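Thanks for coming, everyone. Please take a look at the model on the screen, and then I will walk you through it.

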Amino acid sequence: MGKYFGTDGFRGEANVNLNAEHAFLIGRFFGALAAQAAGEGERGTIVIGKDTRRSGDMFEHALAAGIVSSGADAYLLGVVTTPGVAYITRTNPFAFGIMVSASHNPYQDNGIKVLNANGEKLEDATVAACEAYLDGDRDCAPYVLRHEIGRVIDYAEACDTYEKFLVSLAKKRFEGYKVALDCANGSAYALAKRVYEDLGATVTAISTEPNGENINVNCGSTHSEQLCQMVKEGDFDLGFAYDGDADRCLAVDENGNCVDGDQIMFACGLHLKEEGRLANNTIVATIMSNFGLFKKLDELGVSYEKTAVGDKYVYENMAANGHSIGGEQSGHIIFREFATTGDGIMTSLMVMEAVMASGKTLGQLVEPLVIYPQVLKNVRVHDKAAARGDQAVVEAIAAAEAALGSTGRILVRESGTEPVIRVMAEAPSTEACEEQVDAIIAVITAQGHVAQ
């Protein structure tokens, strides 16, 4: 994690700690790299997508201005999902793909995610070079003149190729299934419903009227209560909730129960195993995945890897070792056979495949997995490293671990994108989790680390 870029790009509140000048300079930097990489007589190209936030237009155009000022062409997709940008980048000769989104964060936040030509998150060395450029080392990206100045090109039609790709993934049509979708007033607000209707499902979609300010507001994968109630009361077979840029997906079973990323990996991983497609008999999870998932996989003889939090690290592990499925409890699920990033709509299609192949309902499919009670609380702090490294905090964590022993676990980590310490406990009861989490937070507070 660098000075500006976290595990999921450069993120901050629009015009507070992420502004149009940042976007312009990032555009200049990557525009120069794209121009330098272009062949003789060719022009470097970068494709840009955005979600539905009010500030998206500002950042999109600032990025484009920077790109063309460095001699590359900027191709604008308009509103599209992050995995859509990744797909279009890697299936076309683009040097980079850029997504303007702050994912599940509120509308006032925004972010700039840069992908390489393979649709993968950037290498650390490239991020470090960009950060040095932002801090004033500008020699590597001079302004170009005259005919070398790039162009801005409307490329919205490319989104159709991504939609067709998603539809092509389904092995069977969905006739007879009644599906509910929560599109978070974000990137998937129109796309997800079209995909399911193209496949023959009876679809009801909510949170499909973005106004620039309602993205993720009491909806989507971070607020699935409305969808759960809707599925429970509406006689739906299942439901799916996406986040603002649709790289996450959580499901809802036929009884209105939320099905998280761990449960999705369990169901889809076992389906892949039954089909002989679970590469290396391994599922890649993160250290935040539930203790119950690992216990059940041990019982079933399925191997697993644990990575740091962030789908970037999940994908790196999968790519390095040839694994086929991995993800996070939050719903970032990667199917490496088809994608280089988490893809919410793709994940929902893979869940549909597992359900249809099993002949079971989603609830029946995930029932064997016992999820341990988990409590996660975020503490906004002045300095993440100082708070996490404080000796009193370290001792409080050790005391909590000792109190739980082999019956649970404690995990305290720094957020990769926010000035936040995340304190998590898993134990046989929610009360035991709360007790240990609150004890650690009390020490962080007493030591003066909490930012008001």
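Let me start with a place question: where is D235? D235 sits in the loop between α7 and β10. Before I go on, a caution: this is a predicted model.

Back to D235. Its phi is near 60°, which is a positive value in a residue other than glycine. Most residues other than glycine have a negative phi. That is the reason for pointing D235 out. Is D235 buried or exposed? D235 counts as exposed, because its relative accessibility is 65%.

There is another residue of this kind. S207 has a phi near 55°, again positive and again not a glycine. You will find S207 in the loop between β9, residues 202–206, and α7, residues 225–234. S207 has a relative accessibility of 15%, under the 20% cut-off, so S207 counts as buried.

The largest pocket holds about 1,100 Å³ of space. It is lined by 40 residues, and the closest to its centre are R248, S330, L376, R413 and R422. Which elements each supply at least two residues of that lining? They are α10 (311–321), β17 (374–380), β18 (409–414) and β19 (420–426). β17 gives the largest share, with 5 residues. By class, the lining has 12 nonpolar, 16 polar and 12 charged residues.

On to the second largest pocket. Its volume is about 420 Å³. Here 21 residues form the lining, and R11, G12, N17, T417 and P419 are the closest to the centre. Two strands, β1 (5–6) and β2 (9–13), each supply at least two lining residues. β2 has the largest share, 5 residues. The classes in this lining are 6 nonpolar, 8 polar and 7 charged residues.

Now the charged pairs. How many salt bridges does a search of the whole structure find? The search finds 29.

D8 is at 10% relative accessibility, under the 20% cut-off, so D8 counts as buried.

Next is K113 with D245. Their side chains meet in a salt bridge at 2.6 Å, N to O. This pair also links distant parts of the chain, with K113 in strand β6 and D245 in the loop between β10 (238–242) and β11 (249–252), 132 residues apart. Both K113 and D245 are buried.

The closest N and O atoms are 3.3 Å apart. K312 is in helix α10 and D124 is in helix α4, so the pair ties together parts 188 residues apart in sequence. What about burial? K312 is buried, with a relative accessible area of 11%. D124 is exposed, at 58%.

Salt bridges link D8, R11, K113, K121, D245, D247 and D311.

Finally, the nonpolar cores. The largest one has 70 residues. Which of them touch the most other members? L166, L181, Y196, F240 and Y242 do. Helix α11, residues 344–358, gives the most to this core, with 9 residues.

Take Y196 as an example. Leave aside its neighbours within four places in sequence. Y196 is then in contact with F174, V179, L181, A201, V203, F240, Y242, S348, L349 and M352. There is also a second, separate core. This second core has 34 residues, including I67, V68, I98 and V114.

That is the tour. Happy to go back to any part of the model.

Definitions and conventions
Residues numbered from 1 in each chain as written. Predicted model: local features only at pLDDT ≥ 70, side-chain atom pairs only at ≥ 80, totals over all residues. Heavy atoms only, no water. 1 Å grid on protein atoms, 1.4 Å probe; cavity = no way out; pocket = protein on both sides within 12 Å on 5 of 7 lines; lining within 4 Å. Points joined across faces, edges and corners; volume = space filled by probe spheres on them. Helix = DSSP H or I, 4+ residues; strand = E, 2+ residues; numbered from the N terminus. Nonpolar A, V, L, I, M, F, W, Y, C, P; charged D, E, K, R; others polar. Salt bridge = Lys/Arg side-chain N within 4 Å of Asp/Glu carboxyl O. Buried < 20%, exposed > 50% of the residue type's maximum accessible area, 1.4 Å probe, protein only. Core = buried A, V, L, I, M, F, W, Y, C linked by side-chain atoms within 4.5 Å. Contact = heavy atoms within 4.5 Å.
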